[in-house]
Amino acid sequence: MTTSRRKFIKISALGLGGVAASTTALNMFGASSYIDELVKENVAKNFKRTATYCEVCFWKCAAWTYTDEEGSIKKIIGNENDPHCYGRLCPRGTGGVGMYNDEDRLKTPLIRTTVNGEETFREATWEEALDLIASKFNGIKEEFGAESLALIKHGAPGKHLEHLFQSFGSDTIAEPAYAQCRGPRETGFSLTFGSWVGSPEPTDIRDTKCLVLIGSHIGENMHNSQVQEMSDAIDNGATIITVDPRFSTAASKSKYWLAIKPATDIALMLAWMNVLINENIYDKEYIEKYATGFNELKEHVSTFTPEWAYGITGIKPDEIRKTAREMASASPSVIIHPGRHVVWYGDDSQRARAMAILNALLGSWGRRGGFYFKESIKVPEFPAPEYPHPKWGWKEIGAKYPLAQMGITTEVIKCAIPSEDNKYPVKALMVAGTNITKSIPNKKLLEEAIDALDFMVVIDTMPMDVTGYADVVLPECTYLERYDEIRSATNREPSIAVRIPAVAPKYDSKPSWWIAKEIGERMGVGAYFNYTDYKEVIEWQLQQMGTSLEEMEKIGVKHFPRKSGPMYLNETGPHEFPTNSGKIELYSHELKNLGFDPLPKYTRHPEPQQGFYRLNYGRAPMHTFSRTANNPNLNDLKSENNLWVNPKVARILGLKTGQEVWLKNQDDIISTFSIKVRVTERVRWDSVYMVHGFGHQEKKLSRAFGKGINDTELITTVAVDPIMGGTGMRGNFVTILTENPHKNTEI
Ligand SMILES: Nc1nc2c(c(=O)[nH]1)N[C@H]1C(S)=C(S)[C@@H](COP(=O)(O)OP(=O)(O)OC[C@H]3O[C@@H](n4cnc5c(=O)[nH]c(N)nc54)[C@H](O)[C@@H]3O)O[C@H]1N2
Ligand SMILES: Nc1nc2c(c(=O)[nH]1)N[C@H]1C(S)=C(S)[C@@H](COP(=O)(O)OP(=O)(O)OC[C@H]3O[C@@H](n4cnc5c(=O)[nH]c(N)nc54)[C@H](O)[C@@H]3O)O[C@H]1N2
Ligand code: SF4
Ligand SMILES: [Mo]
């Protein structure tokens, strides 16, 4: 077992073998924990450390940035006391210093201008850029109302700009982490248990006996503490069951790998429910005590036998029974992982419901080794006037989707396209910390909307695809160069972490808290920004919380005792779940009343035509979406994506590993760039697979430009979840072109 653990950590933390061969990788991550320790000791002795939390992804691991006397960053190391990372960063977090060092960074504000009839950008001063933004925003506010100013944001910068927008009266706000990511699972789990899954997920992986991953590719999806807890669980003999059409890293660590036919997961889960109920191996006491709707569920799944599911999923009845029994024998210390990027086929809230119901049948919600009751501590709000009440905002825009709980990016974007019945006209767009041309599907819609806008501002650290569409581009400094809000995330116990600048901002870049304040003051809402430095906000908040910046500078992370009660169900008394009925709702009256299926059903989804393959995509351990492709350290580990092709397909098409190909999708969209084939048994014959985030079109990205294919440009068919508006992206099909379709055109 120990060897399997070490191998898992190595594969996941170092990124699939190849990494170990690179010398940069060696000194970046350390070849073994022994070297790791030596490096840490050495670094700790010789350099100054500053507390931060990582912004390379949204796990927000707390870390120390080490700098030398000249103020140059030497290393970033995980904070030992942090439940998000347990002292160890993932390769991306360690490589985060590359975000700071990247010489392609945005260096000054830029304003769109026309020279000799050609549109281009010119460098501008902050004064000029901010004045222009404030006057354009104020003009639009006067003519159309503040609501017509929309914000699409993600990550730490988003928080500051959200405050700005709400201050001047706009709630027209959305982020891709909802309708392109977690939205459906939050809806599905809220309907069932009454609460969001949230981030980090309250999965008690370290104590689980059985972890079921349904398309959740932990190990390539590098959410730090989850990966570490999973390897501990494997160490402790936990069973891993992976349902994935592709042989993922997690599948390679699993007792059972169920190579499901894509888009059929609900059928498998219904059959699992059928087995658990028919064989009487579900958690009867738990269901009787805490749940409602069991009889309806029993009746509903009675015909969904493993034999029925076999014809749909391709998974043998015997395997379905064996895995159901395995889960039941681990119950309640079993987790059907809710997944995270769950916008797949449009019935995603229903798939999330099926996951939630399975967890209920196994009695895992609120149980050790299942899901714990998470808790966080509220950071007091810095004094500011009350926000004005907008006449409309993300809620009204997304009203067609009754259970949307956050702004739907695509709906907000659609509002920029003028039409007679558009009640919510969006006239200007600010984009902060999100590369929407890569993270939001349906490029045609996006371009149509952007074309129709009066004004667009992008705040980014890098010249990305999205910055090319802006009228004004503002360069933000990286997370290593700024203060940001206090991190307070849910976990087993509450904790906070701070982000303190380790170095001064490079070039003429500025933090987004400053940008928000400067625009706010120019727009006449300065009262909401009653500080000269964000440090004052943090100092005030920390004081209210019984600590101080001085203390946080020393410890980086502070823990607080739980106040909401025990981490697991207190089984001696009754328990009220935060649902309408106070019980776990297996059957959902809420869905029924809204005209949706009260219990999840399997529906067939489109399949590839002859000669086409389903476009599957996912993560690589050393990259985050499109943001790291140009990062010098991480680009060094993986500079382009590959197209995984099954040997059978390769034979038919005569493809070889390393061969350059282009892709054309069902809507005749041809990839801008080419991708190299990787022939592998790890992908099914009906699909191809690539890592998301490559194929950059911005020429200023000296390392990433033109490397690999951008999956998003081939995602033009979107299956929208009618319940919450998530954009299902896994129903796109591609054919493989071996001849360069752009031979006669310049890109
Ligand atoms: N086709 C496809 N689409 C997807 C996904 C997929 O797998 N495939 N995944 C979906 C998921 S799960 C998610 S969560 C979203 C993610 O969507 P995004 O968050 O949009 O992802 P990124 O491509 O990383 O874009 C982040 C942008 O922020 C910039 N940035 C990084 N740090 C900072 C900073 O400190 N300040 C500022 N101002 N900018 C910064 C980066 O340079 C980059 O341009 O995408 C979704 N869309
Ligand atoms: N290294 C790294 N880690 C990350 C990120 C990153 O950018 N880089 N992003 C983070 C974010 S914001 C998110 S949301 C998560 C996303 O991570 P997850 O939620 O784990 O991933 P998904 O993208 O939903 O799923 C990808 C897996 O689903 C499989 N799959 C495809 N179709 C089907 C199907 O029909 N059925 C089943 N059962 N499986 C299928 C694919 O083969 C692939 O292995 O990752 C997080 N972690
Ligand atoms: S998981 Fe990795 S990239 Fe994400 S916050 Fe943690 S160290 Fe940073
Ligand atoms: Mo995500």
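Helices, in the numbering used here, are DSSP runs of H or I with at least four residues, strands are runs of E with at least two, and both are counted from the N terminus. With that in hand, we can find our way around. Please keep in mind that this is a predicted model.

Let's begin at a backbone feature. A cis peptide bond joins S199 and P200, with omega at about -10°. Where does P200 lie? P200 belongs to the loop between helix 8 and strand 8, the latter covering residues 210-214. A cis peptide bond also joins S331 and P332, and here omega is about 5°. P332 sits in the loop between helix 15 (317-330) and strand 12 (334-336).

N280 is not a glycine, yet its phi is positive, about 60°. You will find N280 in the loop between helix 11 (265-278) and helix 12 (284-290). Y507 is found in the loop between strand 17 (495-497) and helix 21 (512-522). With a relative accessible area of 38%, Y507 is partly exposed.

Now let's turn to ligand 1. Which residues are closest to ligand 1? Ligand 1 is surrounded by 29 residues, and the closest are H154, T434, S439, D460 and S626. Some of the contacts can be followed atom by atom. The side chain of T434 places an N or O atom 2.6 Å from an oxygen atom of ligand 1. For D460, a polar side-chain atom lies 2.6 Å from an oxygen atom of the ligand. Taken alone, ligand 1 exposes 920 Å², and the protein buries 98% of that. The elements giving two or more residues to its shell are helix 8 (176-193), helix 19 (436-439) and strand 14 (455-460). Helix 8 provides the largest share, three residues. Sorted by class, the shell around ligand 1 holds eleven nonpolar, eleven polar and seven charged residues.

Next comes ligand 2. Around ligand 2 there are 30 residues, and the closest are D244, D265, H341, Y345 and H623. A polar side-chain atom of D244 is 2.6 Å from an oxygen atom of ligand 2, and one of R246 is 2.8 Å from an oxygen atom of this ligand. Taken alone, ligand 2 exposes 920 Å², of which the protein buries 99%. The shell around ligand 2 divides into 13 nonpolar, nine polar and eight charged residues.

Let's finish with the aromatic rings. A pair of aromatic rings is described by the distance of the centres and the angle of the planes. How many aromatic pairs does a search of the whole structure find? The search gives 26 of them. One of these pairs is F137 with F455, an edge-to-face arrangement with 6.1 Å from centre to centre and 90° between the planes. Because F137 lies in helix 6 (residues 126-144) and F455 in strand 14, the pair ties together parts that are 318 residues apart in sequence. Both F137 and F455 are buried. F529 and Y531 form an edge-to-face pair too, with 6.4 Å between centres and 65° between planes. F529 has a relative accessible area of 3%, so it is buried, and Y531 counts as buried at 8%. Ring pairs link F529 and Y531 into a cluster with F382, W513, Y534 and W540.

The charged end of K510 sits over the ring of W514, 4.7 Å from its centre. Likewise, the charged end of R730 sits over the ring of Y617, at 4.4 Å from the ring centre.

Key: Residues numbered from 1 in each chain as written. Chains lettered and ligands numbered in written order. Predicted model: local features only at pLDDT ≥ 70, side-chain atom pairs only at ≥ 80, totals over all residues. Heavy atoms only, no water. Near = heavy atom within 4 Å. Polar contact = N/O pair within 3.5 Å; in protein donor to acceptor, adjacent residues only side chain to side chain. Areas by Shrake-Rupley, 256 points an atom, 1.4 Å probe, with all protein chains shown as cover. Nonpolar A, V, L, I, M, F, W, Y, C, P; charged D, E, K, R; others polar. Phe/Tyr/Trp six-rings, centres within 6.5 Å; stacked < 30°, edge-to-face > 60°. Buried < 20%, exposed > 50% of the residue type's maximum accessible area, 1.4 Å probe, protein only. Lys NZ or Arg CZ within 6 Å of the ring centre and 35° of its normal.
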